[in-house]
Every structure is written in structure tokens, then in C-alpha cells.
Amino acid sequence: MYSEKVMDHFMNPRNQREIPDADGIGEVGNQKCGDIMRIFLKIRDGRVEDASFQTFGCGAAVASSSMATEMILGKTLEEAWEISNKAVAEALEGLPPQKLHCSVLAEEAIHAAINDYRKKQGLSLWGESGTCNGCHACDG
């Protein structure tokens, strides 16, 4: 059973659109369930000015994408990187155990979009061995 918050974000998703001139795009998928999630970021002065998503998947995947984009708007890149799958699931007032992977996809898509932006800026990628952005998201 889904929470009211999950149902609201599934039935009325926030930020569900493409950003054609996105500064960073992160696409991730889960082969087991078939969910595909794409997060678009617009970055200004080191902050997430705009965030949106396109998701092909179940209601929990759409809700996780919607909530994740809401959570990162206005955040610095470091703050956005720190948003965990657990935080997304908690913001949705819980996900069934078999759907927790959807919140993991949201976290991974945020990371992929931030690293896509960093790559385009000629910066080192976060979360890779031997690199560190000071956010404690990696072991670097």
C-alpha cells in the first residue's frame, strides 16, 4: 500500500518535463524491474536553479523522481549530492520494501546528473575512487 504522499506525487508529478538546454543530465535504470529515470539540471552559481525528470516506470519510480527534483531545487551541488535514497523515501512517507529501489534510482540519477555537469565543466567526477568533493559522499 502506498502513502498518500506517494500517490499525490504519482498522480500529480512535479517537474515532469525535459529541460532542453540542461547543464547536467543523469540517466539510470534498473534492468530487473525495467524502470528508467532521467534527471535534468540547470545550474547557476553552484546551485540547482531548475530540476526536472522523465521516468518510465511504476508509480513509485515516478513519485521518487518527482520528490527528488523537489528536494534538490535551490540546493548547492554539494547539498543535492547528499540527498539519499532514504531521505527521498522518508519524504514520501515511506515506500513498500519491494519499491525501495525506486528511491535508490532517484539518488543515482541525481549523482549522474551532477557528474554530467561536472564533466562538461572539465571538473573531476564525484564519488570516484581517489576524488572527493568534501561532502562525505565518497571514500576519497
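Biologist: Let's start with arginine 44: does that one count as buried or partly exposed?
Modeller: Arginine 44 counts as partly exposed, because its relative accessibility is 37%. Bear in mind that this is a predicted model.

Biologist: OK, and which side chain does arginine 44 meet in a salt bridge?
Modeller: That would be aspartate 23, at 3.3 Å from N to O. Arginine 44 sits in strand β2 and aspartate 23 in the loop between α1 and β1, so this pair ties together parts that are 21 residues apart in sequence.

Biologist: And aspartate 23, buried or exposed?
Modeller: Aspartate 23 is buried, with a relative accessible area of 17%. The cut-off for buried is under 20%, so 17% makes it in.

Biologist: What network does aspartate 23 belong to?
Modeller: Salt bridges that share partners join Asp21, Asp23, Lys42 and Arg44 into one network.

Biologist: Tell me about lysine 42 then. How far apart are the closest N and O atoms in its salt bridge with aspartate 21?
Modeller: They are 3.2 Å apart. This pair also links distant parts of the chain: lysine 42 is in strand β2 (residues 36-44), aspartate 21 is in the loop between α1 and β1 (24-29), and the two are 21 residues apart.

Biologist: Which of those ends is covered up?
Modeller: Lysine 42 counts as buried because its relative accessibility is 11%. Aspartate 21, at 48%, counts as partly exposed.

Biologist: How many salt bridges turn up in the whole structure?
Modeller: A search finds 9. One of them pairs aspartate 8 with arginine 14, at 2.6 Å from N to O. Aspartate 8 is partly exposed at 29% relative accessibility, and arginine 14 is partly exposed too, at 26%.

Biologist: Where does arginine 118 lie, and what does it touch?
Modeller: Arginine 118 lies in helix α5 (residues 100-120). Leaving out residues up to four places away in sequence, it touches Leu123, Ser124, Leu125 and Trp126.

Biologist: Now the other end of the protein. Which residues form the nonpolar patch on the surface?
Modeller: Tyr2, Met7, Phe10 and Met11, with about 360 Å² of accessible area together. Methionine 11 is in helix α1 (residues 4-11), and it counts as exposed because its relative accessibility is 55%.

Biologist: What about lysine 5, what does that touch?
Modeller: Lysine 5 is also placed in helix α1, and it is partly exposed at 30%. Not counting residues up to four places away in sequence, lysine 5 touches Met67, Ala91, Leu92 and Glu93. Lysine 5 and alanine 91 are 86 residues apart in sequence, but their C-alpha atoms are 8.2 Å apart in space.

Biologist: Last one: where does pLDDT stay under 50?
Modeller: Over residues 130-134, where the model has 11 contacts beyond four places in sequence, and over residues 136-140, with 9 such contacts. For the protein as a whole, pLDDT averages 92, and 91% of the residues score at least 70.

Key
Residues are numbered from 1 along each chain as its sequence is written. This is a predicted model: local features need pLDDT of at least 70, side-chain atom pairs count only at pLDDT 80 or more; totals for chains, interfaces and linings use all residues. Side-chain values use heavy atoms; hydrogens and water are left out. pLDDT is the predictor's confidence in each residue, from 0 to 100. Contact means heavy atoms within 4.5 Å. Patches are made of residues with over 30% relative accessible area and no salt bridge: like charges are joined within 9 Å, nonpolar side chains (Val, Leu, Ile, Met, Phe, Trp, Tyr) within 5 Å. Accessible areas come from the Shrake-Rupley method with a 1.4 Å probe; for residues, only the protein chains shown count as cover. A salt bridge is a side-chain nitrogen of Lys or Arg within 4 Å of a carboxyl oxygen of Asp or Glu. Helices (H or I, at least four residues) and strands (E, at least two) are DSSP runs, numbered from the N terminus. Buried means under 20% relative accessible area, exposed over 50%, partly exposed in between (1.4 Å probe, protein chains only).
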